[in-house]
Amino acid sequence: MKAVGWIASPIICDLFKKCSTYLSFDASEKLQQLGPKVLLLERVMEAFEQIPDKPRLERLFQDLKSSFYEAEDILDDVEYHCLEKKIQDCTFKSDSGALRHKRLRGDSPRKNLIVYSYEHLFFLQETGMQKKQLKDSLERIENIINNAYTFVENLNLSTISNFNEAQADLANSRGAVTTSYPPTVVIGRDKDCDKIIEMLHEKEGEVQTNTNSRLCYSIIGIHGIGGSGKSTLAQLVCAREKKDMQEKRGGHLDLVMWVHVSQSFSVCDIFKEIFEAATGNQCPQLNNLNTLQDKVEEELRGKRFLLRQKQLELRQILFPMKAGEEGSKILVTSRTKDALLVLGATEPRCIPICDLDDDLFLNLLMNYALEGAIIDDHDRRRLEAIGANIAKKLKRSPLAARIVGGRLRRRPNAEFWTTVKNGKLINETMGALWWSYLHLDQQARRCFSYCSIFPRRHPMCRTELVNLWVAEGFVRSTNEGEEIEDVCREYFDELVSTSFLQPGGGDLGSGDNYLVHDLLHDLAEMVAGSDCFRIENGCRESGFFREGERKSWTGDVPRDVRHLFVQNYDGELITDKILELENLRTLIIYAIDQGTSVEEKIIESIFKRLPRLRVLAIALSKKFGSLIAEPAIFSALESISQIKHLRYLAFRTDILCRIILPSTLTKLYHIQLLDFGQCQNLEFPSADLINLRHVFCLAGVKFCNVGRLISLQTLRDFIVTKEQGYEIKQLRDLNKLRGKLWIHGLGNVKSKEEALEANLAAKEWLTELTLCFDDGYATYSQEVEAEILEALCPPMGLERLEVWYYNGLGCPNWIVGKHNGGPENLQELEFSAWSQLGPAPELGAFPHLRLLTIWDCHWSTLPGNIEQLTSLKRLVIYKCLNIRCLPTLPQSIDEFKLIECNKEFMESCRTKGDPNWQKIEHIPLKKWRI
């Protein structure tokens, strides 16, 4: 499975299409020949375990993978030199005016022109050699596909049961047909069952109804990966409801129907199943869909029903349900929460299937393995002790418990059970998970298998993982203009929706961290094979290394590994084992022990010995004490230009470590992401990094002519200065910027016209913006400053805005509400160090504001229309010494903070009966600091 799980026709097709541009051949004709063959090989994957001579087929797939990687590297080299020539051409054109000027003065430009011609000649020679290598590599891929196809064609696939069954399974149910009867014993699902039963009997006024229509039914959903117990839970619910019906308990339903929906269902078939479930009789032979639908409606009319179905793809099935009585329910089981939401289930009614605790899971396994077995008490106790160790290997998977327990049940003897305990059970429990994996999009499969590079239960940040997938080239976009990060986010959401990734891990309260369940992690490892490997050389707790727990790692790393994770930096390990891995594409060194210095010679060796790296991350961890702290000044080496394939460079330092970037950094034409952690005051040598999309550091980035980098999406701060290349117009075309942006030095903007060149309103992906006028720079007149702020109108979708050190006359129209097109959906607003006297400006433009912070401003009152901000939840007033009284505040506020303001004012707010106290009496949470 290791090599087999990797192959995907879109990847091969994409490679041939890209290569055809450089090698001048008809990709469509070639793909027409190879496409059906690759698709057959993909189908063989699903019956791989039944294929005779599996090792030979796996070797063919492994050769195919290696050849693909080789072709991809060569193509990457060709594209690198094309980018290099493009940049050189642009530089040459921009310098041509200066060369002509030198000629007029009598200076000869010959030397410069000879250098350029030599580089151009080198480019032609270099790409010519690489094009031959690329052609040879593609021919190898074609030969391997043809050989594998011939091998598979010679197999008698019709005799391989799994092959035919897999195809039928894909076309039909993709799972066993289930009934409404639960297993004899259901373990660990009582709480979830009670929760769903409570939802079934909620009165209509107690639950949010569908706002689009008044339907008689509502939808409750259970979601989780295949084999996790969704159907068992649904069966338990239906059995309880049927029992209530028979005993005629108050509030019971009139009808409980269990319908199995296959993947290739027809509407007629489903209506027939519903009719038979509702009546208990065989459905008449009706070929007219409308007649059949009428029959179903007739049987449901006036009845309060419960219908259980698997995930629905056609909403047409729901049409007859409208005939039922109000309060009816539809219980849907699905692998994805998204499918439930599409059907109309609300978030609170989408129930994720929960893990069983260790004791309950052991009980479940023993039920499958020993229930009804005729053995004496001594043997039972012995088997239960062995079974406890087996249960630990199954990672709480109900599916695994059922499959393995059934096998143990056939041979209830200690010898066999001990053999199972010591064996590799993963091969016995992967069926349903492998099935679920095959139903993922091909590109999502590759993204998922990459997750095996991280340790078990390792919290993975959504944004970080998306950026890694982009850098690795796992995902292709077919829609022009669509950002590849957005495509990756869609695949990430697919993995979350299907439970391959599950929320959890990381800092308390963080909603951006996800885990891979242990059993799914095993699947990812099997699919990735030798492509991904990790070295867990040490233990961390709360970011601190615990003395005595570090063990020297002595294992072997597969020579053909492509993606490597190392838990802790170890210079000796890198030198002895990692530098030999010439095919390595990813090197992630997660953490640096406190007191450990990152040696420049080690980093230089990485640059020189691992030229195929696409991802290099040193200190990827965000935990305290895990970043690079030594040496205090790190001079990044000129040899960095040797890793031409690099897309992702993270060299994350703490706040005290300074990095000096080399001039050769500009040779990394493929680079997409640069992350320097908490490093400050970085100065980039030039703006030739035309593919750069993300720059991360704490503050003080100095990037001359950053406006050339039109692919840039992340730039946390931009400093406006009077130097050429640092003007505010550099922001004009950076319309892909998203997330946060802090603009410093606005006092260096000379006029409204200059400010308009920033084109802030066009940056629709920005969510947080800080406009800072002072920061020690000279300012112009108050009138000009007011015009500048007016011209810096943010985009409509902005969620948070801060304006610092503003000294202008008046407030811009886009704040007071006299301007269309401003950030009308703003959620948070902060005014800091505004010098104007008198009342604060009215905030007519922000009806949805939820947080207002006023810090060190000279105003005498709060905004006069604050009572009209009916969405406001939090109000913070900090160091505003001129404010002495409060206006009427909106009733929506539930938190009020007053910090270091006028003492008399603060005292009045805490004095019961005072007018100021009366203005905040209704607020539940009040905080003070003098």
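**Charged pairs**

Student: What is the relative accessible area of R476?
Tutor: R476 counts as partly exposed, a class between buried, under 20% relative accessible area, and exposed, over 50%, found with a 1.4 Å probe on protein chains only. This is a predicted model, in which local features need pLDDT of at least 70 and side-chain atom pairs count only at pLDDT 80 or more, while totals for chains, interfaces and linings use all residues. Residues are numbered from 1 along each chain as its sequence is written, and side-chain values use heavy atoms, with hydrogens and water left out. The relative accessible area of R476 is 24%.

Student: Which residue forms a salt bridge with R476, and how many residues apart are the two?
Tutor: A salt bridge has a side-chain nitrogen of Lys or Arg within 4 Å of a carboxyl oxygen of Asp or Glu, and for R476 the closest N and O atoms are 3.4 Å from each other in its pair with E72. E72 lies in helix α3 (residues 54–104), whereas R476 lies in the loop between α18 (462–472) and α19 (484–497); helices here are DSSP runs of H or I with at least four residues, strands are runs of E with at least two, and both are numbered from the N terminus. The partner is therefore E72, and the pair links parts of the chain that are distant, the separation being 404 residues.

Student: Is E72 buried or exposed?
Tutor: The class follows from the relative accessibility, which for E72 is 9%. With that value, E72 counts as buried.

Student: Which residue pairs with D73 in a salt bridge?
Tutor: The closest N and O atoms of this pair are 3.2 Å apart, and the partner of D73 is R612. R612 sits in the loop between α22 (600–609) and β14 (615–618) and D73 in helix α3, so parts 539 residues apart in sequence are tied together.

Student: What distance separates the closest N and O atoms of D493 and R462?
Tutor: D493 and R462 form a salt bridge, one of 39 in the structure. The closest N and O atoms are apart by 3.1 Å.

**A pocket**

Student: What is the volume of the second largest pocket?
Tutor: On a 1 Å grid over the protein atoms alone, a pocket is an open set of points where a 1.4 Å probe fits, with protein on both sides within 12 Å along at least five of seven lines, and its lining residues have an atom within 4 Å of a point. The lining has 50 residues, among which C461, E464, K622, R652 and R716 lie nearest the centre. The volume, taken as the space filled by probe spheres set on points joined across faces, edges and corners, is about 1600 Å³.

Student: Which strand gives the most residues to the lining of the second largest pocket?
Tutor: The strand in question spans residues 739–744 and contributes 5 residues to the lining. It is strand β24.

**Aromatic rings**

Student: How many aromatic pairs does the structure hold?
Tutor: Rings of Phe, Tyr and Trp (its six-membered ring) pair if their centres lie within 6.5 Å, and planes under 30 degrees apart count as stacked, over 60 as edge-to-face and the rest as tilted. By this rule the number of aromatic pairs is 20.

Student: What kind of aromatic pair do W834 and W859 form?
Tutor: Their centres are 5.5 Å apart, with 65° between the planes. The pair of W834 and W859 is edge-to-face.
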